[in-house]
Amino acid sequence: QVQLVESGGGLVQTGGSLRLSCAASGSIFSINTMAWYRQAPGKRRELVAAITSIGTSNYADSVAGRFTISRDSAKNPVYVYLQMNSLKPEDTGVYYCKADCGYGMNYWGKGTPVTVSS
């Protein structure tokens, strides 16, 4: 079992920045890829960024160049961060942390809301 707790969301103006954090505890040795997803009101949950256990990252086209995902696996809990810069109103949504532990075992946090005002 892996427990994920997100933090760092809030209200920010267009062009502003936020840093989201996700703390992973429990069976952290089993975690492979960690990722951030978001879900805007009335829309499906979508992948924002992901990072593997060796630090390889990938981003949705809509956030590439503005968001940076990072991971600190030396700590317990393991932390994954999402630095969000140049925020736009379309970045508004609930941001979820996900841990992929292989064999179809995925864990999700409860999410942290981000609102970008125009």
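Reader: Why is Asp91 called buried?

Author: In this predicted model, Asp91 has a relative accessible area of 0%. Buried means under 20%, so Asp91 is buried.

Reader: What makes Asp91 and Arg38 a salt bridge?

Author: The closest N and O atoms of Arg38 and Asp91 are 2.9 Å apart. A salt bridge requires a side-chain nitrogen of Lys or Arg within 4 Å of a carboxyl oxygen of Asp or Glu, so the pair qualifies. The two residues are 53 apart in the chain, with Arg38 in strand E4 and Asp91 in the loop between strand E8 and strand E9.

Reader: How do you know whether Arg38 is buried or exposed?

Author: Arg38 has a relative accessibility of 5%. The cut-off for buried is under 20%, so Arg38 counts as buried.

Reader: Which parts does the salt bridge between Asp91 and Arg66 tie together?

Author: The closest N and O atoms of this pair are 2.8 Å apart. Asp91 lies in the loop between E8 and E9, and Arg66 in the loop between strand E6 and strand E7, so the bridge connects parts 25 residues apart in sequence. Both Asp91 and Arg66 are buried.

Notes: Residues numbered from 1 in each chain as written. Predicted model: local features only at pLDDT ≥ 70, side-chain atom pairs only at ≥ 80, totals over all residues. Heavy atoms only, no water. Helix = DSSP H or I, 4+ residues; strand = E, 2+ residues; numbered from the N terminus. Buried < 20%, exposed > 50% of the residue type's maximum accessible area, 1.4 Å probe, protein only.
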